[in-house]
Amino acid sequence: MYLNRCHRCDDRIVSISQPYVRPIVRGKLDKSVEFGAKLSVSLTDEGIACVDEIRWDAFHEGKDLVSQVEAYKARHGYYPEVVLVDPAYGSRANRNVINLASYRL
């Protein structure tokens, strides 16, 4: 870093006992950096949770919505009756795809 005159170190190790853990810069007021995995989880009406995606690097959850809905259909044979999501999933592209999928129910 000194020789390259930079203040960034990609994929740095923050724990010798858990070298896969990476800092994720979130930009939140109370916590600017978080540690640990990010999950994409689907929950059925019976209360069964299915982990669709687990990553140790930062990613935008909203881009996984279509693949999660398709994974639900592959598991159960039909599309979910309702899709409840965090506001991060509310992009125009996701709303259009979910509206189109609702006609295929």
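At 47% relative accessibility, Tyr78 is classed as partly exposed, where buried denotes under 20% relative accessible area, exposed over 50% and partly exposed the range in between (1.4 Å probe, protein chains only). The structure is a predicted model, in which local features require pLDDT of at least 70 and side-chain atom pairs are counted only at pLDDT 80 or more, whereas totals for chains, interfaces and linings use all residues. Residues are numbered from 1 along each chain as its sequence is written, and side-chain values use heavy atoms, with hydrogens and water left out.

One aromatic pair is present in the structure. Tyr72 and Tyr78 form this pair in an edge-to-face arrangement, at 6.1 Å centre to centre and with 80° between the planes. Rings of Phe, Tyr and Trp (its six-membered ring) are paired if their centres lie within 6.5 Å, with planes under 30 degrees apart counted as stacked, over 60 as edge-to-face and the rest as tilted. Tyr72 is buried, its relative accessible area being 11%, while Tyr78 is partly exposed.

The protein chain contains two helices and four strands, arranged from the N terminus as β-β-β-β-α-α. These elements are DSSP runs numbered from the N terminus, helices being H or I of at least four residues and strands E of at least two. Of the 105 residues of the chain, 22% are buried. The accessible surface of the chain amounts to about 8400 Å², with 54% belonging to carbon and sulfur atoms; areas come from the Shrake-Rupley method with a 1.4 Å probe, and for residues only the protein chains shown count as cover.

A nonpolar surface patch is formed by Leu39, Val41, Val51 and Ile54, which together have about 350 Å² of accessible area. Patches consist of residues with over 30% relative accessible area and no salt bridge, like charges being joined within 9 Å and nonpolar side chains (Val, Leu, Ile, Met, Phe, Trp, Tyr) within 5 Å; a salt bridge is a side-chain nitrogen of Lys or Arg within 4 Å of a carboxyl oxygen of Asp or Glu. Strands β3 (38–43) and β4 (49–55) each contribute at least two residues to the nonpolar patch, and Ile54 is located in β4.

Asn94 is situated in helix α2 (residues 92–102) and is buried, at 7% relative accessible area. Residues up to four places away in sequence aside, Asn94 touches Gly62, Leu65, Val66 and Tyr89, contact meaning heavy atoms within 4.5 Å.
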